Amino acid sequence: GMHDAGTAVRWLLGYVTAKGWLVAAWARLGLTRGHNDGLDDEYDAWMLGLRFGKIFYSKHNLDIFWFLGAGYGHLRHRVSDVPSPGAAPDAFLRRDVWPFDQRPGVDVYKKSGWFDADVGVLVVYRFTPVFNLVVELSGDFVAPDIAFNIDVAGGLAIAFP
C-alpha cells in the first residue's frame with residue numbers, strides 16, 4: 001500500500017543544450033524520521049543520480065522537460081502500526097492461533113533500495129533571465145528492496161545565460 005515517506009529536499013544541477021537536451025546531476029535527502037522506538041537508529045534516506053531529458057514544450061518563458069535517470073541510494077517510507085518486534089511475546093500463547101493479544105503497534109521506517117530508476121517532468125518558468133521558478137514531478141523506483149516513490153518539489157533556480 002501507500003505510505004508517507006516524510007519530507008525530503010531535492011537538489012538539481014543541470015545544463016541545457018541549444019537543442020533543448022537536459023543533462024543533470026541530482027540529490028535527494030529525506031529529512032523527517034519520526035519515532036522508531038529504537039528499532040533502527042540509523043536514518044539514512046538519501047539518493048544521488050544523473051538525469052537526461054528533453055524539452056517537449058517551450059512557449060514564451062515556460063519550458064517543460066521530460067527526463068529519465070538512474071541513481072544510487074535508498075528511500076525510507078513509514079509503515080504504520082506494525083507489531084513491535086521488540087515486544088516480548090507471551091511464552092504460553094501461540095501467535096498463529098486465534099484469539100491472541102496483539103503486540104503493541106509501532107511505526108517503522110522501512111529502508112528500500114540501492115539502485116534507483118528515475119522518471120519525471122520538470123517545469124521551468126523563466127521570470128527573469130537569471131532567476132527561474134521550478135516545479136518537478138519525479139517518480140523513483142528503487143531495488144532490490146523494492147519501493148516506488150513520487151515527489152513533487154518546487155523551488156527557485158539560478159540560470160547562467
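Reader: Which residues lie nearest the centre of the largest pocket?

Author: They are L12, V124, V134, A157 and I158, among the 31 residues that line the largest pocket. The model is a predicted one, in which local features need pLDDT of at least 70 and side-chain atom pairs count only at pLDDT 80 or more, while totals for chains, interfaces and linings use all residues. Residues are numbered from 1 along each chain as its sequence is written, and side-chain values use heavy atoms, leaving out hydrogens and water.

Reader: What makes a space a pocket?

Author: On a 1 Å grid over the protein atoms alone, a pocket is an open set of points with protein on both sides within 12 Å along at least five of seven lines, and a lining residue has an atom within 4 Å of a point; a cavity is a set where a 1.4 Å probe fits but cannot get out. Grid points are joined across faces, edges and corners, and the volume is the space filled by probe spheres set on the points. For the largest pocket, this volume is about 1000 Å³.

Reader: Which elements give two or more residues to the lining of the largest pocket?

Author: Those elements are β1 (8-16), β4 (62-83), β5, β6 and β7 (147-158). Strand β1 gives the most, with nine residues. The strands here are DSSP runs of E with at least two residues, and helices are runs of H or I with at least four, numbered from the N terminus. By that rule the chain has zero helices and seven strands.

Reader: How do the residues of that lining divide into nonpolar, polar and charged?

Author: The lining of the largest pocket has 22 nonpolar, four polar and five charged residues. Here Ala, Val, Leu, Ile, Met, Phe, Trp, Tyr, Cys and Pro count as nonpolar, Asp, Glu, Lys and Arg as charged, and the others, Gly among them, as polar.

Reader: And what lines the second largest pocket?

Author: Eleven residues do, with M2, H3, H77, F148 and N149 nearest its centre. The second largest pocket holds about 240 Å³ of space. Strand β7 gives the most to this lining, with four residues.

Reader: Why is S112 called buried?

Author: Buried means under 20% relative accessible area, exposed over 50%, and partly exposed in between (1.4 Å probe, protein chains only). S112 has 2% relative accessibility, so S112 counts as buried. S112 lies in strand β5 (residues 105-125). Leaving aside neighbours within four places in sequence, S112 is in contact (heavy atoms within 4.5 Å) with residues including H74, H77, V142 and D145.

Reader: Why is L133 called partly exposed?

Author: L133 has 44% relative accessibility, so L133 counts as partly exposed. L133 is in strand β6 (residues 131-143). The C-alpha atoms of L133 and L156 are separated by 4.8 Å, although these residues are 23 residues apart along the chain. Not counting residues up to four places away in sequence, L133 touches V123, V124, Y125, F127, G155 and L156.

Reader: What makes a set of residues a nonpolar core?

Author: A nonpolar core is a set of buried Ala, Val, Leu, Ile, Met, Phe, Trp, Tyr and Cys residues joined through side-chain atoms within 4.5 Å. The largest such core has seven residues: L22, A24, F65, F67, L122, V124 and V134. Strands β2 (21-30), β4 and β5 each supply at least two residues of this core. A second, separate core of five residues includes M47, L75, V142 and A147.
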